[in-house]
Amino acid sequence: MAGQMSSVGRSASRIYDGRGALMMVPTWLTIGIFLLIPVAIMFIYSFLTKEFRGGVIWEFSIAAYDKFFFDRGLFGDAAPVIEWTYITIFWRSIWQAGLATLMCLLIGFPTAWFIATRVPQSRAVWLFLITIPYWVNLLIRTISLKFLIRDEGPLNQFLLWTGTIAEPLHMINTNFAVQLGLFYSFLPFMVLPIYSSVERYDFSLSEAAADLYASRWVTLRHVILPAVKPGIIAGCILVFVPSLGAFLSPDLLGGAKTFMIGSLIEEQFKGNAGNWPFGAAASMILLTLVMIALMIYARVQTTEGK
Amino acid sequence: MASRLTDVRHFTGFSVITGLCLLLLYTPLLIVAVYS
């Protein structure tokens, strides 16, 4: 019997080996067409020359990268000094995205935990409630948020009516508004992976911790959080990466002082006044930063696993 | 009493945060819907 099973296993394995590569063709085609080719086009464009009415001239140049990092004066003949404008925008994008990720985690983890610990019949309803607002277009949701928090908006009116504030709070065109927009845009990307992790969590571990006189919060910190860490990290990546390149929330809810890298890239490709090679170079720098961060994470995970 | 203190399925405050989360998600949409 065992021999028969082993033979069946070997046979299945041979079939898989033969067709495995073939079965991967649609996946590789999709990745190639929708990911690698666009990235390759951006990479090539970042080394071309700017055309004045938008577009590119097919002449090799590193002017886009040079413009990003160095200031050579109005006519381009001055001694190069570090161009802090774009580096500042990058830095601002990183901390805005980081803060949005933290906000999503602080609200998303308890929410995911609460949902995952309901009776199985009601979990679907709770998840449904979390995802329903995301059936509405992102642009509509962002504009509705702008409408809510503007100076004469319903939130200020409510706070004035209750006597909580004496004059309207200025929230629009601030970092707070951008944070709120990013949080509002990407919250389910945090809740769903954590929920998935918590659902698989073995609660007998918590019972064992309780038997050893651990309080709930000690159990949360030393048993639960390490167990659901993969879900938390997946959620953080899923929120941080799109937040870093977001342009809708900074454009609609922020002002000039909250300009982010996504808006900078968008402006380079909009209308006839843009600079396509510069936009492509900024995209490539952003992509490189994200990839370095993910590679560090992968390396840390591999080291911890050993 | 002991089970209440060690029952990790019911963390104090998590239900409130879930309520806050739903409030944040639905308020802008509901207000726009009402105004429309």
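Reader: Which helix gives the largest share of the lining of the largest pocket?
Author: In this predicted model, helix 11 of chain A provides the largest share of that lining, with 6 residues. The elements that contribute two or more residues to the lining are helix 11 (229-244) and helix 14 (276-305) of chain A.

Reader: Switching to chain B, where does helix 2 bend?
Author: Helix 2 of chain B bends at B:Tyr26, by about 35°, and a proline, B:Pro28, follows within four residues.

Reader: What end-to-end span should helix 2 of chain B have, and what does the model give?
Author: Helix 2 of chain B covers 22 residues (14-35), so at 1.5 Å a residue it should span 32 Å, and the separation of its end C-alpha atoms, 32 Å, agrees with that.

Reader: Which residues of that helix are buried, and what do they pack against?
Author: The buried residues of helix 2 of chain B include B:Phe14, B:Cys21, B:Leu25, B:Tyr26 and B:Pro28, which means that B:Tyr26, where the helix bends by about 35°, is under 20% relative accessible area. The buried residues of this helix pack against several helices of chain A, among them helix 4 (84-116), helix 8 (175-199) and helix 10 (216-227).

Reader: Is A:Tyr213 buried or exposed?
Author: A:Tyr213 counts as exposed because its relative accessibility is 78%, the cut-off being over 50%. A:Asn173, at 43%, counts as partly exposed.

Reader: What about A:Ala209, where is it and what does it touch?
Author: A:Ala209 lies in helix 9 (residues 204-211) of chain A, and it is buried, with a relative accessible area of 9%. Leaving aside residues up to four places away in sequence, A:Ala209 touches A:Ala214, A:Thr219 and A:Val223.

Reader: How far apart are the C-alpha atoms of A:Ala209 and A:Thr219?
Author: They are separated by 6.3 Å, with the two residues 10 residues apart along the chain.

Note on methods: Residues are numbered from 1 along each chain as its sequence is written. Chains are lettered from A and ligands numbered from 1 in the order in which they are written. This is a predicted model: local features need pLDDT of at least 70, side-chain atom pairs count only at pLDDT 80 or more; totals for chains, interfaces and linings use all residues. Side-chain values use heavy atoms; hydrogens and water are left out. Buried means under 20% relative accessible area, exposed over 50%, partly exposed in between (1.4 Å probe, protein chains only). Contact means heavy atoms within 4.5 Å. The expected span of a helix is 1.5 Å times one less than its number of residues. The bend at a residue is the angle between axes fitted to the seven residues ending there and the seven starting there.
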